[in-house]
Amino acid sequence: MTQLWMLNLTANFFTGTIPKSLCKEPILTEFMAEEYGCDALLCGPGTFHPSGAATVVGGCQPCPKTVLAEELEPPMSTVLGRSSCESAHYLVGDQNVDGRLSPKEVLRYIYFELNGSGWGDKFKPWGDMKVNECNLHGITCTNDKVTKIDLSEANLCTDGNKSAQIDHAGLCPGIPGEIRYLNETLEQFHIKSRPYFRGTIPSEMGLLTKLKALNLSGCPLLTGPIPSEIGLLTNLQIFDLSDDNINGTIPASIGDMTSLEKLNLSLNPLTGTLPSEIGLLPRLKEMRISRTDLNGTLPATLGNMISLENMDIYGNSFSGSIPHELGESKALKKIDVFNNKFSGRIPPSLSNVKTLQILHLKKNQLSGEMPSSLGELPFLVWLDASLNVLSGTIPSSFATAPMLKDLRVHGNRLYEPIPPALCSNPRMNGGNTVKYGCDAIVCPLGTFSHSNRGYAQDSSKCEKCPDGQTTMYLGSTECIELDQKDLLSMMFDVMDGDAWPEEYKKGWKDENTSVCDWAGVTCNDKEEIIGLAIPRRH
């Protein structure tokens, strides 16, 4: 049978012995012949395997005799190739059949489960039981114990070609639950930037209670939810799932990870809200949860995060007000809430965060006046509150802010005056104030910027509006023809109309209501305004 290269004899009731001539190449690969011998064709008498024969992930294991099985014809203890055993459970990966998985057996199982033959030559020893686990590429040991696994150099889920993924998901099902058997020693687990690595995060990951770092970032085929069991990792300091395809909600159990210092869940299709339990993380320094599908309001418990330095939550759909409790997180250096749906006023309490360096509020729906106390922050370098609906004037305190270098406030409902000292500050906005003065802060009324930035820079200066057009506010990016509704709306903002008594502001700025029906407005028969009654400012 020199031409025979495949022989499957399982799912029968053979007894006796297997001819030795079949238990070698070419019927068996050199590896299988050396590793398992004839068991690679059919499990011997008194043993079993779910496949009926040994495979790369495990050999045949003993099946104790039972009275019922021995009464069959032929007796089951004499049958070759048994795939089940009524009196025993098959332990996947158990090579030496001792009833438990050693660290090397776990690593070997991971290797074959994730198509290790395609990982690359340096990883081939992973499949060889004779090589000590501490000598494997990607493994770090401390005192002869496996403490770190890093597969970021392995060509996971490929056929060996870095650009060719395995099409069948069953050939690379993801991190096996058997990783739990490393729970006594494993402190770090990394699979980073592997474009074809797939599967889900197994719930058994929560049993690795010694873990200090878990990084599965940059794996766009890694999907499924974050298992709630992740909260069992109370020693975890770094948790990075960024740029994957993780879905579902952030589990409330994340609040149990009390040693966490760095959390990055950005660039995932996560849904739901930010759980209030996030505020139970006293050591968290970095929270990066940007460009997801999270929504709802921010929990007030953010104020409990006494170690938080960096809060990146831009590019979500968060709404409601920015909680004033955030001002209690007094270690904050950066707050980035760009491109959300926040409304209400900028919390004055943020001026209590004396360490704050970057405040990015751009592209929300924030209203009211900018707190002048923000200009008193000693280390504030960058403030972008552009593209909101802020009203009033630019606080003069910004002109004397000791470290402020970038101030972006265009695209709001601001009006003059602009603080002169701000316009002459040579370090402001890249030094453009030296060339363009106040225009480098915001374009004045009656002008606009082609750059859609609402301020002057070398590539786009503030230009005068065409005849018959003007702008309603400072820092405009387009000119319009004003009608009486526009003029009244501008007056409403300048006079802080939001603070008027309800009876005076009824109908104001309602696009679906005629200006003549606004409270206090009197019109003639031609719907021309002939009278105004507005509250007196106190």
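**Notebook: cysteines, cores and a helix**

I began with Cys43, which is buried at a relative accessible area of 0%. I take buried as under 20% relative accessible area, exposed as over 50%, and partly exposed as in between, with a 1.4 Å probe and protein chains only.

I noted the basis of my entries: this is a predicted model, local features need pLDDT of at least 70, side-chain atom pairs count only at pLDDT 80 or more, and totals for chains, interfaces and linings use all residues. Residues are numbered from 1 along each chain as its sequence is written, and side-chain values use heavy atoms, with hydrogens and water left out.

**Entry: the partner of Cys43**

Which cysteine pairs with Cys43 in a disulfide? I found Cys60, with the two sulfur atoms 2.1 Å apart. My rule for a disulfide is a pair of cysteine sulfur atoms within 2.5 Å. The torsion about this S-S bond is about -85°, so the link of Cys43 and Cys60 is left-handed. Cys43 sits in the loop between α1 and β1, and Cys60 in the loop between β1 and β2 (61–62). They are 17 residues apart, and the pair links distant parts of the chain. Cys60 is buried too, at 9% relative accessible area.

**Entry: other cysteines**

I counted disulfides by the rule and got nine. One of them joins Cys23 to Cys38, S to S 1.9 Å. Its S-S torsion is 105°, and the link of Cys23 and Cys38 is right-handed. Cys23 lies in the segment before α1 (30–36) and Cys38 in the loop between α1 and β1 (47–48), so the pair ties together parts 15 residues apart in sequence. Both Cys23 and Cys38 are buried.

I then looked up Cys157 and Cys172, joined with S to S at 1.8 Å. The torsion here is -55°, and the link of Cys157 and Cys172 is left-handed. Cys157 and Cys172 each lie in the loop between β4 and β5 (188–190), so the pair ties together parts 15 residues apart in sequence. Cys157 is buried at 0%, and Cys172 is buried at 0% as well.

Cys219 is buried, with a relative accessible area of 0%.

**Entry: the cores**

I count as a nonpolar core a set of buried Ala, Val, Leu, Ile, Met, Phe, Trp, Tyr and Cys residues joined through side-chain atoms within 4.5 Å. The largest one has 98 residues, and Phe189, Phe239, Met287 and Ile394 touch the most other members. α3 (103–113), β4 (145–150) and α4 (420–423) each supply at least two residues of this core. α3 gives the most, with four residues.

A second, separate core has 15 residues, among them Ile18, Leu22, Ala40 and Cys43.

**Entry: α3**

How many of the eleven residues of α3 are buried? I found eight, and the helix is mostly covered. Among the buried ones are Lys104, Glu105, Arg108 and Tyr111. Asn115 follows α3, and its phi is positive, near 55°.
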